[in-house]
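Let's take a walk along the place where two chains meet. Have the model open and follow along.

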Amino acid sequence: MSAALAAAPAVVAASTATATTTSVVFWVLAIVSVAAALGMILSPRAVHCAVLLAVVMLSLAVLYLTAGAPFLAAVQIIVYTGAVLMLFLFVIMIVGVSSADSLRETIRGQRLWAGLAAIALLVLLALIVGHAAIGPAAPAFPIYGAGNVSSIARLIFTRYFFPFEVTSALLITAALGAMVLAHRERTSPKPAQRDLSQQRVAGAHPTPLPGPGTYARHNAVDFPALLPDGTPAELSVSPVISGRAGAREAVSEALREAAGALPASPAGTAQPDRPDQPGPAHPGPNGNGQEGSPS
Amino acid sequence: MSPGHYVALAVILFVIGAVGVLIRRNAMVIFMCIELMLNAVNLAFVAFARQHGQVDGQVVAFFVMVVAAAEVVVGLAILMAIFRARRSASVDEANLLKY
């Protein structure tokens, strides 16, 4: 009894230290998650959005930990960050990483009205939350905190047993629906090896396509190779690279430069990187990553 | 930290997600914004569970996560089907029912 009384101030000091740590963690993670969420709705590329959403979800997982929900924190990381976001990234990779969202407005005044609606929603929710008089946190229950997983399990398998069973039906339905939607009926017979070889020989290029001009004139794969007669080979640049927005101009520029530089320079003494050479600067190996460059 | 702080953060994240749904055109990003809104609601549930000292809110948040996972699976499959038909992930392109 006396030992417990003597230990009480130490417990109080430890709890205030924990409260300080919790508030620091909360403010840091709140700022990080709000910034990541803002970046997510402003970034034009879907992959960046997915990564920023992962940042938000991981911050929320740590916030669940500080709010006394360790089981939900683990589920958040495993289900959301691990499964859902991986699924998002898979679909983004299938649909195409380069499918950048154009930030041009297609409906006139949409941003303005969206902003006004957002402000109205924020004011409404702030008023509701402000009037709700949310009290301080309840003192930790015996069923709360250390026994978090077992208390959740007890609730799920007693009071929420029927919703839990309905959830299993939902999951099976979702799996079936995904299989049905992702399945594609083959409308033509599958090409056999003979058909594939005939297609290859009958096409314009029975041989493999020429490689890019790496190390021939420039140290980048977006630079076309040169044919024996000196003209650049457009086929030598992969359409994945030449299809990107910034790279298209770079490749055409390089083609023009190659076509213009060759007849003028005598064979063997060509110096394409001469600084006094007129014309635009070299596109450079990173000329294909400039999505937002003005065209 | 009082649960009110958590609820305020949840409100801010929810509004950001709603704005993203309104202004983005890529269906994938719209989906991500919906996920953000669901996460914000989960945070509010956890905060209220903390306020009342009961785990019922956490159980509800758990169910929200399950429903969100199922929704993402079906939604992304629909997106794949639309992309296969229209070769685009933009919501402006999926307008066959309009005319």
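**Where chain A meets chain B**

Start with the polar side of things: in this predicted model, 13 residue pairs are in polar contact between chain A and chain B, both partners being at pLDDT 80 or more. On chain A, the elements that each give two or more residues to the side touching chain B are helices H1 (2–42), H2 (46–66), H3 (70–95), H4 (110–131), H5 (148–156) and H6 (161–182). H3(A) provides the largest share of that side, with 13 residues. Sort the chain A side by class and you get 58 nonpolar residues, 16 polar ones and four charged ones.

Now for the overall numbers. The contact draws 78 residues from chain A and 65 residues from chain B. Together the two chains bury about 6700 Å², and 77% of that is on carbon and sulfur atoms.

How many salt bridges are there between chain A and chain B? The count is one. Its partners are Arg159(A) and Asp56(B), whose closest N and O atoms sit 2.4 Å apart.

For a last stop, go to Asn148(A), which lies in helix H5 of chain A. Is this residue, Asn148(A), buried or exposed? Asn148(A) counts as buried because its relative accessible area is 0%, and the cut-off is under 20%. Leaving out residues up to four places away in sequence, Asn148(A) touches Gly68(A), Ala69(A), Pro70(A) and Phe71(A) in chain A, along with Val55(B) and Gln58(B) from chain B.

Conventions:
Residues numbered from 1 in each chain as written. Chains lettered and ligands numbered in written order. Predicted model: local features only at pLDDT ≥ 70, side-chain atom pairs only at ≥ 80, totals over all residues. Heavy atoms only, no water. Contact = heavy atoms within 4.5 Å. Buried area = accessible area lost by both parts, 1.4 Å probe. Salt bridge = Lys/Arg side-chain N within 4 Å of Asp/Glu carboxyl O. Polar contact = N/O pair within 3.5 Å; in protein donor to acceptor, adjacent residues only side chain to side chain. Helix = DSSP H or I, 4+ residues; strand = E, 2+ residues; numbered from the N terminus. Nonpolar A, V, L, I, M, F, W, Y, C, P; charged D, E, K, R; others polar. Buried < 20%, exposed > 50% of the residue type's maximum accessible area, 1.4 Å probe, protein only.
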